[in-house]
Amino acid sequence: MKKLLNSIFLISGTAIGAGLIALPLVAINIGSIISSIVILFMAFLAYQTSLMIIDLNIKRNTSYSVMELSKMLSGNTAFTITSLSFYILSFSLLTVYFSGIASLLCSFFNFN
């Protein structure tokens, strides 16, 4: 069970770190102080999860991705959960990008 939870948190942290890229597009309306705090927290989280992936690859003497590591270390159940959460979070990130682009186009062309 511990391996399953570790792999779930590992992939979730990585996906959240990837969402850091889209955060400024969405967080522009909440203010610069709160946005800066959230961005710093997400950068720290992304850094820590990247270090976990690097450490796992060094200890295993491999160069696997997060998906391959979850399948190798935790089995098929964790790999299924990892894949599902990764795809859901990727879709969410794409939605954030589209929302940001739509907002920019609306403000640029003066649409409601």
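The structure holds 1 aromatic pair, where rings of Phe, Tyr and Trp (its six-membered ring) pair if their centres lie within 6.5 Å, with planes under 30 degrees apart counted as stacked, over 60 as edge-to-face and the rest as tilted. The ring centres of Phe108 and Phe109 are 4.9 Å apart and their planes stand at 80 degrees, so this pair is edge-to-face. This is a predicted model, in which local features need pLDDT of at least 70 and side-chain atom pairs count only at pLDDT 80 or more, while totals for chains, interfaces and linings use all residues. Residues are numbered from 1 along each chain as its sequence is written, and side-chain values use heavy atoms, with hydrogens and water left out.

**Exposure of the aromatic residues**
- Phe108 counts as exposed at 65% relative accessibility (exposed means over 50% relative accessible area, buried under 20%, partly exposed in between, with a 1.4 Å probe and protein chains only).
- Phe109 is partly exposed, with a relative accessible area of 48%.

**Helix H4 and its surroundings**
- Val66, Met67, Leu69, Ser70 and Leu73 are buried in H4 (helices are DSSP runs of H or I with at least four residues, and strands are runs of E with at least two, numbered from the N terminus).
- Viewed down the axis of H4, the buried residues fall within an arc of 160 degrees, so they line one face of the helix (the arc is that of the directions from the helix axis to the C-beta atoms).

**Asn61**
- Asn61 lies in the loop between helix H3 (32-60) and helix H4 (66-74).
- Although Asn61 is not a glycine, its phi is positive, at about 55 degrees.
- Asn61 is exposed, with a relative accessible area of 71%.
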